[in-house]
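Visitor: Could you pick one spot in this molecule and take me through it slowly? I'd like a close look, in plain words.

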Amino acid sequence: MHLAYPAVLAILLFCVGVYGVLARRNAILVLMSVELMLNAVNLNLVAFDVWLRDTVHSGQALTLFTITIAAAEIGLGLAIVLLVYRNRGTSDIDRLTDLKEPRPGDPEDAAPGTAADDEKAEATA
């Protein structure tokens, strides 16, 4: 088997995953794109293991570790996305700004009890 076929497939999978991470706003689609990138790495590990005819099969062993890490990552990621969806009602990444550093002069990031906070309370009442 030529090494070029699985390598090209892995490159295509990795590029689709990078595009998904950079272009998508839905958190679940971003997690799926990360999984695509990890699967591309797994494909490369197994392909190079077969091509090098390694007697220890270290590529396949590393693939098992990568699959384990991917399963843990997807479990924690989905738990975080579900909590965010319960609290916010959306899983849109662009709307999640709670951990964003406040910019100077932003009235919405002002300290509680200030005039900007009072204006917001009056506007919603």
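Guide: Let's start with Asp94, which is partly exposed because its relative accessible area is 47% (buried means under 20%, exposed over 50%, and partly exposed in between, using a 1.4 Å probe and protein chains only). Keep in mind that this is a predicted model, where local features need pLDDT of at least 70 and side-chain atom pairs count only at pLDDT 80 or more, while totals for chains, interfaces and linings use all residues. Residues are numbered from 1 along each chain as its sequence is written, and side-chain values use heavy atoms, with hydrogens and water left out.

So who does Asp94 meet? Its side chain forms a salt bridge with that of Arg25, at 2.9 Å from N to O (the term needs a side-chain nitrogen of Lys or Arg within 4 Å of a carboxyl oxygen of Asp or Glu). This pair ties together distant parts of the chain, 69 residues apart: Arg25 sits in the loop between helix 1 (4-23) and helix 2, and Asp94 in the loop between helix 3 (58-88) and helix 4 (115-124). Helices here are DSSP runs of H or I with at least four residues, strands are runs of E with at least two, and both are numbered from the N terminus. Arg25 has a relative accessible area of 54%, so Arg25 counts as exposed.

Now step back to the whole protein. There are four helices and zero strands, which read α-α-α-α along the sequence. Of its 125 residues, 20% count as buried. Take the contacts (heavy atoms within 4.5 Å) between residues at least 6 apart in sequence: 51% of them join residues at least 24 apart.

The structure holds one aromatic pair. The ring centres of Phe48 and Trp51 lie 6.1 Å apart with planes at 85°, so the two are edge-to-face (rings of Phe, Tyr and Trp, with its six-membered ring, pair if centres lie within 6.5 Å; planes under 30 degrees apart are stacked, over 60 edge-to-face, the rest tilted). Phe48 and Trp51 are three residues apart in helix 2 (residues 27-52), so about one helical turn separates them. Phe48 is partly exposed at 36% relative accessibility, and Trp51 is partly exposed too, at 47%.
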